[in-house]
Amino acid sequence: METSQNQPTWNQLLGSNNWEGLLEPLDLGLRELIIRCGDFCQATYDSFINDQNSRYCGACRFGMKFLLEKVMLIGASDYEVSAYLYATARVSLPEAFIFHSMSRECWDRESNWIGYIAVTTDEVSSARGRREIYVAWRGTTRNYEWVDVAGAELKSAKELLRPQQGTNNTGGSSSSGNSDDDDDDDDNDVKVMLGWLTIYTSDDPRSPFSKTSARVQVLSNIKRLMEKYKGEKVSIAITGHSLGASLAVLSAFDIVENEVVPPDVIVSAVVFGCPGVGNEEFNKQVIQHSNLHILHVKNTIDLIPHYPGRIMGYVNTGTDLVIDTRKSPYLKDSKNPSDWHNLQGMLHVVAGWNGADGEFELKVKRSLALVNKSCDFLKAECMVPGSWWVEKNKGMMRKEDGEWVTESPAEEDRPVPPSY
């Protein structure tokens with residue numbers, strides 16, 4: 001596989017120069033970082049329970065201690081999961097976002113597991129000379145149906161903006177994600193999509209998992225980790241795919257805007273297939289922060305990054321790495337928009353991307369079979385079954401009396417409310 005000379009610094013890989021000179025040709029170190037972030041995203045899909053027959057629908061299948069090991073993440077032992085993140089949406093957002101169990105004994109009726117925070121171990125941090133913090137947000141698992149029902153209207157992001165002196169803008173949360181209606185009439189306001197803001201800022205006092213919003217959870221955990229690793233060189237990479245990409249952009253902006261980290265700590269969002277997040281004023285607010293950088297990996301034929309469009313007031317945020325899944329000789333000429341948006345398909349192409357005019361050639365070792373984890377995008381001659389990542393017997397087990405029932409998770413894997 002490829003070797004690299006004149007390697008960029010870690011800060012450059014995180015976008016300190018907005019990836020100037022690293023995208024064409026795609027730098028090996030950046031290629032590996034993008035794939036690592038994508039694998040952290042994939043872990044959220046591989047471990048999320050979306051079967052509404054399960055009493056644990058909407059939860060993570062695995063406990064924090066063994067999550068990365070059980071999803072078979074390459075290099076899992078290099079990281080420790082520090083926190084789980086939960087979200088709710090009390091306003092009537094569709095179940096494309098929030099899953100609910102049909103069981104009367106469900107683990108929680110108000111919340112869904114929405115992501116996690118992972119940190120390099122002491123040994124790895126010492127070897128690398130830095131403490132790497134990763135935040136991974138889960139996307140929706142319902143393909144494209146959420147596009148038409150997400151509530152694409154722009155809403156004031158006032159609650160995310162740096163507070164005036166003497167106020168605190170990071171400790172509270174909103175039940176609806178809405179700001180005052182008067183704010184939404186001003187085109188000069190910083191605005192973001194209502195759906196993303198609602199998921200990020202909603203809380204529910206009825207739930208032990210989302211007594212505070214996803215926003216408060218991620219900010220408080222980053223504060224805790226910054227205090228814990230005071231004196232060390234720290235970097236923060238936030239990642240997500242689809243819906244999760246939007247949450248990654250919002251949270252990266254929030255962390256920097258509200259000075260949760262000092263200005264010498266780079267906060268980088270590496271996102272995949274990200275829909276529109278905010279308006280021109282939001283983009284201006286992002287750009288003014290020298291330690292905030294956003295890299296958007298997008299498939300040129302993917303429809304999702306074009307929604308909501310400029311006609312609705314949205315603008316592109318961050319630096320684009322535009323790839324094309326049609327360049328890979330291993331992928332079908334699929335007409336299915338879900339394949340164009342598939343995360344593993346994108347990661348496969350990143351592994352072999354040599355620019356729009358270059359030939360596809362794998363530059364890092366990556367199993368081809370991963371493409372078909374949750375789709376059927378590989379050509380038949382690759383001999384890989386479609387959607388092969390499934391739980392054994394779909395979570396059913398046979399009791400001693402011969403009766404088949406839904407298997408209960410091991411004690412170590414049962415949902416545990418976060419500490420507040």
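Which residues does Leu67 touch, not counting residues up to four places away in sequence? Keep that one in mind for the second close-up. The model shown in these views is predicted.

**View 1. The whole chain, before we zoom in.** The protein chain holds eleven helices and eleven strands. Of its 420 residues, 58% are buried. The chain exposes about 19,000 Å², and carbon and sulfur atoms supply 46% of that area. Now take the contacts with a separation of 6 or more: 74% of them are between residues 24 or more positions apart.

**View 2. Leu67 and the largest nonpolar core.** Here is the reply to the opening question: Leu67 touches Ser47, Cys60, Phe62, Val81, Tyr84, Trp113 and Tyr116. Leu67 belongs to the largest nonpolar core, which has 64 residues. Leu30, Ile34, Leu67, Tyr116 and Phe272 are the members that touch the most others. Helix 2 gives the most to this core, with ten residues. Another core, of 54 residues, lies apart from it, and its members include Ala157, Ile236, Ile238 and Leu247.

View 3. Helix 2 covers residues 28-47. Its 20 residues should span 28 Å at 1.5 Å a residue, and the end C-alpha atoms are 29 Å apart, which agrees. Because 17 of the 20 residues are buried, helix 2 is largely enclosed by the rest of the structure. At the start of the helix, a side-chain oxygen of Asp27 comes within 2.9 Å of the backbone nitrogen of Gly29. In the loop between helix 1 (10-13) and helix 2 you'll find Pro25. The peptide bond from Glu24 to Pro25 is cis, with omega near -5 degrees.

**View 4. Helix 7 and its cover.** Helix 7 has 15 residues and reaches 21 Å from its first C-alpha to its last, close to the 21 Å expected at 1.5 Å a residue. Its buried residues include Ala214, Val218, Leu219, Ile222, Leu225 and Met226. What covers them includes strand 1 (79-87), strand 2 (112-120), strand 3, helix 6 (194-201), strand 6 and helix 8.

View 5. Arg131 forms a salt bridge with Glu232, and their closest N and O atoms are 3.0 Å apart. The pair links distant parts of the chain, 101 residues apart: Arg131 is in strand 3 (residues 131-137), and Glu232 is in the loop between helix 7 (214-228) and strand 6 (234-241). Buried or exposed, what is Arg131? At 4% relative accessibility, Arg131 counts as buried, while Glu232 is partly exposed at 36%.

**View 6. Glu259, a residue with two things to show.** Glu259 forms a salt bridge with Arg162, with the closest N and O atoms 3.6 Å apart. Glu259 lies in the loop between helix 8 (243-257) and strand 7 (267-272), and Arg162 in the loop between strand 4 (154-156) and helix 5 (181-184), so the pair ties together parts that are 97 residues apart in sequence. Glu259 is exposed, at 56% relative accessible area, and Arg162 is partly exposed, at 35%. Glu259 also has a positive phi of about 55 degrees, although it is not a glycine. For background, most residues other than glycine have a negative phi.

View 7. Arg36, Asp78, Arg128, Arg130 and Glu132 are linked in a network of them. Elsewhere, the side chains of Asp333 and Lys335 meet at 3.4 Å, N to O, and both residues are exposed.

View 8. Met72 sits in the loop between helix 3 (67-70) and strand 1. Its phi is near 60 degrees, a positive value in a residue other than glycine, and Met72 counts as exposed at 64% relative accessibility. Pro308 is in the loop between strand 8 (292-299) and strand 9 (319-323), and a cis peptide bond joins Tyr307 to Pro308, with omega about -20 degrees. Val364 lies in the loop between helix 11 (343-352) and strand 10 (396-398). Val364 counts as buried, at 8% relative accessibility.

Methods
Residues numbered from 1 in each chain as written. Predicted model: local features only at pLDDT ≥ 70, side-chain atom pairs only at ≥ 80, totals over all residues. Heavy atoms only, no water. Helix = DSSP H or I, 4+ residues; strand = E, 2+ residues; numbered from the N terminus. Expected span 1.5 Å × (residues − 1). Buried < 20%, exposed > 50% of the residue type's maximum accessible area, 1.4 Å probe, protein only. Polar contact = N/O pair within 3.5 Å; in protein donor to acceptor, adjacent residues only side chain to side chain. Salt bridge = Lys/Arg side-chain N within 4 Å of Asp/Glu carboxyl O. Contact = heavy atoms within 4.5 Å. Areas by Shrake-Rupley, 256 points an atom, 1.4 Å probe, with all protein chains shown as cover. Core = buried A, V, L, I, M, F, W, Y, C linked by side-chain atoms within 4.5 Å.
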